[in-house]
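Here's a quick tour of the structure below. Have a look at it first, then read on.

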Number of protein chains: 2
Amino acid sequence: MQIYKAPITDMRFAFETFGYDAVMKLKRFADYDLDTVEALLGEAGKFCTNEMLPLNRVGDQVGLKWDPESGEVVLPDGFKKLYADYVASGLVGIAQPVAYGGGGAPHAVSVGLSELATATNKSFSMCPGLNHGLIEALHHHGTDQQKKDWLPKLVSGEWTGTMCLTEPQCGTDLGLITTRAEPRDDGGYSLTGTKIWITFGEHDLTDNIVHLVLARLPDAPEGIKGISAFLVPKFLLDGTRNGIKCGGLEHKMGIHASPTCVMNMEDATGYLVGTPHKGMRSMFVMMNAARLHVGIEGIALGEIAYQTAVAFCHDRRQGRSLNPERNEGGAKADNILVHPDVRRQLLNCKSTNEGLRGLSAWIANLIDRSHYAEDPDERQEADDLVALLTPIIKAYGTERGFRNINDALQVTGGAGYTTDWSIEQYLRDSRIALIYEGTNHVQALDLVGRKLPRAGGRLYKVFSKHVHRFCKAHEEAGTHAEFVGPTRKAIDTLNEVTMALAMKGMSDGEAAAAAASNYLTLFGLTTLAYIWAAEAVAASEKDGKFYRTKLKTARFFFEHVLPETDSLVRMVDASKDSMMAFDEDEF
Amino acid sequence: MQIYKAPITDMRFAFETFGYDAVMKLKRFADYDLDTVEALLGEAGKFCTNEMLPLNRVGDQVGLKWDPESGEVVLPDGFKKLYADYVASGLVGIAQPVAYGGGGAPHAVSVGLSELATATNKSFSMCPGLNHGLIEALHHHGTDQQKKDWLPKLVSGEWTGTMCLTEPQCGTDLGLITTRAEPRDDGGYSLTGTKIWITFGEHDLTDNIVHLVLARLPDAPEGIKGISAFLVPKFLLDGTRNGIKCGGLEHKMGIHASPTCVMNMEDATGYLVGTPHKGMRSMFVMMNAARLHVGIEGIALGEIAYQTAVAFCHDRRQGRSLNPERNEGGAKADNILVHPDVRRQLLNCKSTNEGLRGLSAWIANLIDRSHYAEDPDERQEADDLVALLTPIIKAYGTERGFRNINDALQVTGGAGYTTDWSIEQYLRDSRIALIYEGTNHVQALDLVGRKLPRAGGRLYKVFSKHVHRFCKAHEEAGTHAEFVGPTRKAIDTLNEVTMALAMKGMSDGEAAAAAASNYLTLFGLTTLAYIWAAEAVAASEKDGKFYRTKLKTARFFFEHVLPETDSLVRMVDASKDSMMAFDEDEF
């Protein structure tokens, strides 16, 4: 049973509430007013629901074929046609630069599309999803010739791209990379080494696959400062098969139709992208966008799991309401939506998922403003917020998404544990998002160790002031106290906790690291408080059922979800000593 | 990679700390001193590790074969021999009544065995695990002839048993059962209907399978008070094939080697067990034990997942310690146990898992005392505690177990997401335990709606006084304040919250139901505080590394886990209104 209704209305509301008006004013997005964005996402939603969703379970159950001889990988029946249709639909390059044939749409479109595609077929969506990263890296760091040679076909979707970072001995710690790149006389490089966890490293959807590979030049300094980036295609421009081959697939808990490849390079031809030894810069360029998109995976699968559970509840009758007024006359049992705990679990999903969608919309709008706003101060402020909020949407979005799918599964009981309702697949598919693109604790370290201290704490101050201004305006007007009051309390608490953590971190980095994950969750919930307060204010100014439900959902969030912060405050404050006291053989 | 070391030392410590001396004094357990229990569990641990664990992944990946014609089900290669070896080992009837050929061991043995078997092969362990329920039902409610006919071969493991409760239209709400039982002239009954979710309802491990089936007699009152229990064997005693047949298997997220059967009965011969219309009594007899064993599933899989993650961490090197003193000289990276967040996640598992093991040991000892203590007051008090703590170990044990496996998976990163390390299997296998044997919210309703009000709140008072006495003794002696202080605070808080919830529940059952799940979690954490304080006191009186690590783990629990209660207190206190305000079409 695969159930999905693209949440376009909520997407539009989120973009509108969190500053799309400022994006629309940017010249380059003049063609993309909010109606256009909504229409585009509406069309995308139809494609995803009608074409991608039906192949989602097939992908899970049929999986992939890998030929050890040739190294070729075959996707399940239907995926090749689906990819061709996806390319034909024009969705693949919609948010790519116009200069290379893309649609030049704002991030609102790519973020909305990302949610729709992930919800309906996460395995499939990972293929076009990866192009963005490679395109951004080439766009910012490639030579003019490289751009001319590779970008148009990547933008059109005729070819696909990958990112080759991880090796068997290093994932989080990329300083340990050992893949070698030897210069050749012709200006190219010869690459040798093994990369693992390469998503869509090999497949049969397109004629060529273009890899961005991190490797070391012979004179490279040790560690992270000696890594360069290379473009390594499966086929060279003259059609020669290059020395990069898939050496096997991982057997995974989920995303069974997404090939996770071991890629072996033996004297493979590569082209340097950007400056020698500065390869990590090319990576960082795309990290914010990639991490935002991974965060959205939590929202996407949380949404479809929630919708599936709701559909199940409408039909399932067990027990009677404890409130006789809700008993359906003539029936032996009421539908399970009468039970408060079913509602509690569903509303936990709904309120956090819509809150995270609001956050993702805010970040999407901020990314565009950070790049293209005319006022440098506006650009800087937007950039600060993007840098600060990216680890939060990635880590809290994926963690909460997994938890929400798990709650949706619980609501459906035994049915949810079977493959019949697909929720168990969403749970398995979503689990990897807490790990890849920087594990969630790496996000927490990024937040605490890099983003908070940067520029003397400027990023945090920008955020805190933004929330403060919002609260103050309504406090002075005496409006919306039921939402603004707890938001004020939450931001004041976060201010205190942040200050205390910074003090602790100055003298003891290990203590800050011990608190980082819980701090990130606290930050995430506080941010959602602001998001919900802002959405409640916006909804209260409008009429209609959608907005009335918004207000109810906001109330649930403040009453039943936000209190999670109380425990987190205590845990962030707890000492590292009780962790560090253990000898390694005591675990 | 399947890693397991049977946690026998911790089991012994738990039984010892939580009253095994009182069990040993009972005449019928005179042969089972603690050394004997430890030796038995040690042998069982070897069998489970050497014989059951190697087939665990095979079971997951090969799965089951069902023949639509015959309805027969074939388990993966090796399972039939494993079952025969298991029977030959003597483990199957070790805790069953001596009168029918069992070993008559105390619950300490069956609870310990349950953990070992579930950890090493949950699918397989479900088969002998179900016998206990049927044996108990026959033992308490069967006629002498029924006992003579069926019990010896069930106790010896020559035959297996099932429980047939659920039907397509009813799981939680058994009042909706429609399977019919018509009396025949010979004193037997003819049963017709369909049961679903029947674990090991059909398999090829034994010659016969004996089902305990809930059904309605023609003159049955409506609802839950019109249900009778029947024994329905696959083969009658004269060898005739009975009219009960497997009509299909569920396709599930996990426990792939455990057949979850649709069982169709057409004019099947059945024998009434117990009084007509009082079949639910037979069920309630076995519910406490069955729910305890399901709670232990969380501990079992939490343990093996934790051990696997620890083994991974010892080998995995990424990044350097933030504390230069911990940097390993000559290495490019330290093993990841240096990182506080890795420790935090591992210790979350370790501390809650060992705490839950302590709780399960306490309940196991209490069950034996509730049945066999000479003093009726001791029996009553033990029975009260068992009744109160059973929903807690079932729901909190499975919920925390799932969360712990999830944390173990996170620590292992991408490796944990592959099938190579089996943690992802443990996560999938464990997920059903939050649902079956009464969903976790049903446990919460049992706690709040039945156990708290019973006998004017006597059960809760017994528990609260028990913890109070423990705290008071140490407060007066001025000892162990670091553990007793927070335990005192936790029990005082639980007392207040319980009183407030009872008040709320008197006037508004729906409000109590809305708070029940969070209340159960709060109760679970408070109980673990007592368990840890008691273990810390016991450990501080002994010497040796095991006990020193215990003390460290207790400290971690109080500092980093118990604070979760703060948020729960607020959530229990929150109003139901923000849940109930939603119309059904607003979800």
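Setting aside neighbours within four places in sequence, Thr352(A) is in contact with Arg400(A), Asn404(A), Leu528(A) and Val561(A) (contact means C-beta atoms, placed from the backbone, within 7 Å). This is a predicted model, where local features need pLDDT of at least 70, side-chain atom pairs count only at pLDDT 80 or more, and totals for chains, interfaces and linings use all residues. Residues are numbered from 1 along each chain as its sequence is written, while chains are lettered from A and ligands numbered from 1 in the order in which they are written.

Thr352(A) sits in helix H10 of chain A (helices are DSSP runs of H or I, at least four residues, numbered from the N terminus). Thr352(A) counts as buried because 28 other C-beta atoms lie within 10 Å, and the cut-off for buried is 20 or more. From Thr352(A) to His468(A) it's 116 residues in sequence and 22 Å in space, C-alpha to C-alpha.

Now for where the chains meet. The contact takes 68 residues from chain A and 68 residues from chain B. Helices of chain A that each supply at least two residues to the side touching chain B include H10 (340-372) and H11 (376-417). By class, that side of chain A looks like this:

| Class | Residues |
|---|---|
| nonpolar (Ala, Val, Leu, Ile, Met, Phe, Trp, Tyr, Cys, Pro) | 28 residues |
| polar (the others, Gly among them) | 21 residues |

How values were computed. Two residues are in contact if their C-beta atoms, placed from the backbone, lie within 7 Å. A residue is buried if 20 or more other C-beta atoms lie within 10 Å of its own, exposed if 12 or fewer, and partly exposed in between; C-beta atoms are placed from the backbone.
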